[in-house]
Amino acid sequence: MVFSSLTFLYLFLPLAVIPYFLWKNRVYRNVLLLVLSLFFYAWGEPKYVGMMVAATAVAYFGGRGMAALTGRPGAKKAVFVVTVCLVVLNLLVFKYLNFFWDNAARLFSSNWTIPQIALPIGISFYTFQILSYVIDLYLGRVALQRNFFYLLLYISFFPQLIAGPIVRYSTIEEKILHRQESWADVEAG
């Protein structure tokens with residue numbers, strides 16, 4: 001779904017803004033934003049929603065593992081490296097596997113072929129946001145996000161998911177639970 005499309009402007013945006021401002025409960029607002037963000041992503045790539053959720057789960061459980069190993073720097077670093085490798089591997093497979101495979105086939109004068117892998121929408125954006133969280137957590141710049149759904153909200157947040165900008169977790173961390181919004185902000189936006 002494109003931000004300038006009629007579907008976004010006259011259907012999706014009102015479904016996001018009206019209940020958001022009618023509900024005063026922050027939990028309800030966050031649930032609404034998460035559900036709409038996943039729906040927004042599914043609109044363009046329904047088969048890859050699970051992959052984005054799985055990549056977020058890798059970061060979530062990797063983060064929990066690092067937090068549990070705070071007193072053991074070697075083990076904490078191992079969990080960090082495995083988490084980063086898994087997240088980056090996801091990006092490499094979908095974005096670069098076909099490129100490397102085709103070049104290797106040319107290099108060895110072979111006719112090796114693999115099925116072409118479609119590039120999921122926004123995979124670079126959400127991968128780098130996941131890495132932002134994992135790296136900042138490892139370095140002690142942010143606190144562990146104990147709620148998986150709040151981490152998923154940060155990763156899948158529809159206004160920046162497919163077009164950026166890449167937002168560091170440290171920028172968003174406090175706003176997930178304690179943001180302040182007003183109609184003046186909406187008008188300015």
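Visitor: What makes Asp 136 and Arg 168 a salt bridge?

Guide: In this predicted model, the closest N and O atoms of Asp 136 and Arg 168 are 2.6 Å apart. A salt bridge requires a side-chain nitrogen of Lys or Arg within 4 Å of a carboxyl oxygen of Asp or Glu, so the pair qualifies.

Visitor: Which parts of the chain does this pair link?

Guide: The pair links distant parts of the chain. Asp 136 belongs to helix 5, while Arg 168 lies in the loop between helix 7 and helix 8, 32 residues apart.

Visitor: Why is Arg 168 called partly exposed?

Guide: Its relative accessible area is 40%. Buried means under 20% and exposed means over 50%, with partly exposed in between; Arg 168 therefore counts as partly exposed.

Visitor: How do you know whether Asp 136 and Arg 141 are buried or exposed?

Guide: Asp 136 has a relative accessible area of 2%, which is under 20%, and therefore Asp 136 is buried. Arg 141 has 53% relative accessibility, which is over 50%, and so Arg 141 is exposed.

Visitor: Why does Arg 26 count as buried?

Guide: Arg 26, in helix 2, has 17% relative accessibility. Since the limit is under 20%, Arg 26 is therefore buried. Leaving aside neighbours within four places in sequence, Arg 26 is in contact with Tyr 20, Ile 176, Leu 177, Arg 179 and Glu 181. The side chain of Arg 26 also reaches the backbone oxygen of Arg 179 at 2.8 Å.

Visitor: What covers the buried residues of helix 2?

Guide: The cover includes helix 1, helix 3, helix 5, helix 6, helix 7 and helix 8. Among the buried residues of helix 2 are Leu 32, Leu 36 and Phe 40.

Visitor: What makes the span of helix 2 close to the expected one?

Guide: Helix 2 (residues 26-44) has 19 residues and reaches 28 Å from its first C-alpha to its last. At the N-terminal end, Asn 25 caps helix 2, with a side-chain oxygen 2.7 Å from the backbone nitrogen of Val 27.

Visitor: Which elements give two or more residues to the largest nonpolar core?

Guide: The largest nonpolar core has 45 residues, and those with the most contacts inside it are Tyr 126, Ile 130, Tyr 133 and Val 134. Two or more residues come from each of helix 1, helix 2, helix 3, helix 4, helix 5, helix 6, helix 7 and helix 8. Helix 3 gives the most, with eight residues. Not counting residues up to four places away in sequence, Tyr 133 touches residues including Ala 59, Leu 151 and Tyr 169.

Visitor: How many helices and strands does the protein chain have?

Guide: The protein chain has nine helices and zero strands. Buried residues make up 40% of its 189 residues.

Visitor: Which elements have the lowest and the highest mean pLDDT?

Guide: Helix 7 has the lowest, at 77, and helix 3 the highest, at 95. The protein chain averages a pLDDT of 87, and 99% of the residues score at least 70.

Key: Residues are numbered from 1 along each chain as its sequence is written. This is a predicted model: local features need pLDDT of at least 70, side-chain atom pairs count only at pLDDT 80 or more; totals for chains, interfaces and linings use all residues. Side-chain values use heavy atoms; hydrogens and water are left out. Helices (H or I, at least four residues) and strands (E, at least two) are DSSP runs, numbered from the N terminus. The expected span of a helix is 1.5 Å times one less than its number of residues. Buried means under 20% relative accessible area, exposed over 50%, partly exposed in between (1.4 Å probe, protein chains only). Contact means heavy atoms within 4.5 Å. A polar contact is a pair of N or O atoms within 3.5 Å; within protein, one must be able to donate a hydrogen and the other to accept it, and residues adjacent in sequence count only if both atoms are side-chain atoms. pLDDT is the predictor's confidence in each residue, from 0 to 100. A nonpolar core is a set of buried Ala, Val, Leu, Ile, Met, Phe, Trp, Tyr and Cys residues joined through side-chain atoms within 4.5 Å.
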